[in-house]
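Thanks for coming. I will keep this short and go through one structure by region.

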Amino acid sequence: VTTENRSHGVVTLEQTGRKLKVLGSVMGLAPWETLHTVNFTADEVYFVTFRQVDPLFVVDLTDPAAPLLKGELEIPGYSERLITIDESHQLGIGRDANGAWFGELQLSLFDVSDPQAPVRTHIETIAGGRTTSTEVTGNRWLAGDGDHHALTYFAEMGILALPVQTENDWTAGAGLFDPGEGGLLLYRIDPTEGFTFLGTIEHIDDEKGKVRVL
């Protein structure tokens, strides 16, 4: 939840018949920051806020009546989408940042095996600088306008398919693709080795509707 003073928290609810009542809560986290993403697992909830740095919060839900802030990690930039890789790792998709100035699109792998001390173990910076964007995170100036359905993660193979495009703006010419065009970037994700780039499936806008694997 986000309160009136723009701090954040987690509230658990108990259902009795058709009514809900507050069971427990942990509040007052990250005042005046913007909530960017939330991800639930069986016993934890992870969420990311951002103002000038990216705090990743880990809240323990083992006892629903007493949710507990276990740990947090502050790093430059932010994650707009979190995905569970396994019980000990979270994948973040977002951007680097220098203060409030957004930078390159990047992938982050977080080790959350110790909830009290989460750590970012691997980073993959995607080429093209600020010109590269993805529908998964949406507009870098707006939180929550991304489309998480645009992303595919094949858990059994550990492969991520990330759609990206080159924005058609004043930075044209420095991107991965021609301005306004894009494709799929394929990565293998391994908790120990990190990110391995597998290739690009480029969308080609021609009469035959072909794609090109680079």
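This is a predicted model: local features need pLDDT of at least 70, side-chain atom pairs count only at pLDDT 80 or more; totals for chains, interfaces and linings use all residues.

Residues are numbered from 1 along each chain as its sequence is written, and side-chain values use heavy atoms, with hydrogens and water left out.

On the surface, a nonpolar patch is formed by Val1, Val11, Leu13, Leu20, Val22 and Met27, with about 540 Å² of accessible area together. A patch takes residues with over 30% relative accessible area and no salt bridge, joining like charges within 9 Å and nonpolar side chains (Val, Leu, Ile, Met, Phe, Trp, Tyr) within 5 Å. Areas come from the Shrake-Rupley method with a 1.4 Å probe, and for residues only the protein chains shown count as cover. A salt bridge is a side-chain nitrogen of Lys or Arg within 4 Å of a carboxyl oxygen of Asp or Glu.

Strand E1 (8–16) and strand E2 (19–29) each give two or more residues to the patch, and E2 has the largest share, 3 residues. Strands are DSSP runs (E, at least two residues), numbered from the N terminus. Met27 lies in E2 and is partly exposed, at 37% relative accessibility. Buried means under 20% relative accessible area, exposed over 50%, and partly exposed in between (1.4 Å probe, protein chains only).

Next, the rings. Rings of Phe, Tyr and Trp (its six-membered ring) pair if their centres lie within 6.5 Å; planes under 30 degrees apart are stacked, over 60 edge-to-face, and the rest tilted. The count comes to 3 aromatic pairs. In one of them, Phe50 and Tyr78 have ring centres 5.2 Å apart and planes at 45 degrees, so the pair is tilted. Phe50 is in strand E4 (residues 44–50) and Tyr78 in strand E7 (residues 78–86), 28 residues apart. Both are buried.

Now the loop between E2 and strand E3 (34–40), where Ala30 lies. Phi of Ala30 is near 50 degrees, positive in a residue other than glycine. Trp32 is in this loop too, with phi near 70 degrees. Buried or partly exposed? Ala30 is buried, at 11% relative accessibility; Trp32 is partly exposed, at 48%.

Last, Asn39, in strand E3. Asn39 is buried, with a relative accessible area of 13%.

How values were computed
Helices (H or I, at least four residues) and strands (E, at least two) are DSSP runs, numbered from the N terminus.
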